[in-house]
Amino acid sequence: MVFKTATEQLIVLKNVSKSYQQPNGQQIVILENINLELRPGEIVALLGPSGSGKSTLMRIVAGLIPPSQGEVIYHNRPLVGLNPGVAIVFQSFALYPWLTVLENVELGLKAKGEAPDSRRQKALRMIDIIGLDGFENAYPKELSGGMRQRVGFARALAVEPELLCMDEPFSALDVLTAENLRFELLDLWLERRIPTQAILIVTHGIEEAVIMADRIIVLGRNPGRIRADLPVTLPHYRDRKHPTFQALVDRVYTIITNPELEKIELTTTTSVEPATPPAKYQSLPSVRTGSIAGLLELLEDRQEKDLYRLAQELQLEVDDILPIVEAAKLMDFVELAEGDISLKPVGQEFINGGIDERKQIMRSQLLANIRLVQQIYRLLEAKNNQRIPEELVLDILESHFSPEEAERQLKTVVDWGRYAEIYGYDEPSGQIFLEQVVVSH
Ligand code: ADP
Ligand code: MG
């Protein structure tokens, strides 16, 4: 057991929460009670579904936005304003099109007040290290996506940040370019060719996290909170085919696909004890009913139940398949255990059915399992004309979600309910009505 002194931590987040005020005056909680330490010598991956607050958390670490509650401690002092030890690489490259590669790389140094001579020298050195030699005077538009992201890396690394923050830095690149850059960055890190003390990488890719990180922090959604903090002790460079690698990927999959499991403590046991979940408003993944049917059909007569390999086989990204799996699980069509997915009998029935039976089954599954569908149904039944304005549903949703997310939730619940013929939606008036009622326009 290593004794840790306080100075060993680079950045500490203490009980950090972030909420925003909604236009209707309500507070919406994005991040809740985050406690996190970033220590020198580690790559930490911040992993979670989209909307779980990863970017927000990274921005708080960087001092771009302040927490609503709690504090960020940097070198044992509360952080005020921008974090001077942090540089960021964004997904979208964020380069100035009217500046050359060299000028773009010099930007961060200029902002730090470096003298022109030394900033040119440092920029050129980093351009060399990062493999941009010969492109100093090129403009961003002349470069491929991969080369542009190299500029993003060079610009961030040129200031020699203590902590390099990266927000999905490889996700705008094609698969091969992304893989190359990942390993090049690992090379630089492992060979200590960059003075960076720690790296925080935001990602929604489980494999990416397991390839790169020494520690994986899994964020959950609604509100964003830490669900697991998993060490990765496999030596670099990691082999995706190695059983330990795959076991870890499976484990993370299990955690992410079981949002109802409470915080997973770091234990030696592989099984996770489900604690009683706190009452949270159900969040509907925005998925079409057709995709859910597609997934169920795919699972029929299938030997391969491993979600991760299934995704690989289908060449789907985690972010593509997870919402569909989540929706199927919410509707109780499938079961998930240890990274394996299987059809429940009602899922099988659904597949066997024709269009009418499918709608009927979907109707009972939605009414039995989806709280928002139940709420809408009850509201409709309570009304004499069996119609409600969509604003009423939005009002309910906006106490739990941001305005855009509330819109998304509404759209999803309308799609699902329409398919199942529970209620209809009258486009011009924005009203939801009970299906039995015949509407005349
Ligand atoms: P991630 O990076 O994990 O996809 P984000 O941190 O970008 O998640 O966002 C988390 C949630 O916070 C989203 O629902 C988003 O709509 C909401 N959000 C982010 N910024 C703001 C803001 N300035 N005002 C209101 N809501 C916000
Ligand atoms: Mg993000």
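Modeller: This is a predicted model.

Colleague: How is a pair of aromatic rings described?

Modeller: A pair of aromatic rings is described by two quantities, the distance of the centres and the angle of the planes. Here, Phe-333 pairs with Phe-350 at 5.1 Å centre to centre, with 50° between the planes, and the pair is tilted. Phe-333 lies in the loop between helix H10 and strand E11, and Phe-350 in helix H11, so the pair ties together parts that are 17 residues apart in sequence. Phe-350, at 1% relative accessibility, also counts as buried.

Colleague: How many aromatic pairs does the structure hold?

Modeller: The structure holds four aromatic pairs. One of them joins Phe-183 and Tyr-237, whose ring centres are 6.0 Å apart with planes at 45°, so this pair is tilted. It links helix H5, which contains Phe-183, to Tyr-237 in the loop between strand E10 and helix H7, 54 residues apart. Phe-183 is partly exposed at 22%, and Tyr-237 is partly exposed at 40%.

Colleague: Let us turn to the charge. Is Glu-162 buried or exposed?

Modeller: Glu-162 is buried and has no salt bridge; Lys-112, the nearest side chain of opposite charge, is 8.1 Å away.

Definitions and conventions: Residues numbered from 1 in each chain as written. Chains lettered and ligands numbered in written order. Predicted model: local features only at pLDDT ≥ 70, side-chain atom pairs only at ≥ 80, totals over all residues. Heavy atoms only, no water. Buried < 20%, exposed > 50% of the residue type's maximum accessible area, 1.4 Å probe, protein only. Lys, Arg positive; Asp, Glu negative; His and termini not counted. Salt bridge = Lys/Arg side-chain N within 4 Å of Asp/Glu carboxyl O. Phe/Tyr/Trp six-rings, centres within 6.5 Å; stacked < 30°, edge-to-face > 60°. Helix = DSSP H or I, 4+ residues; strand = E, 2+ residues; numbered from the N terminus.
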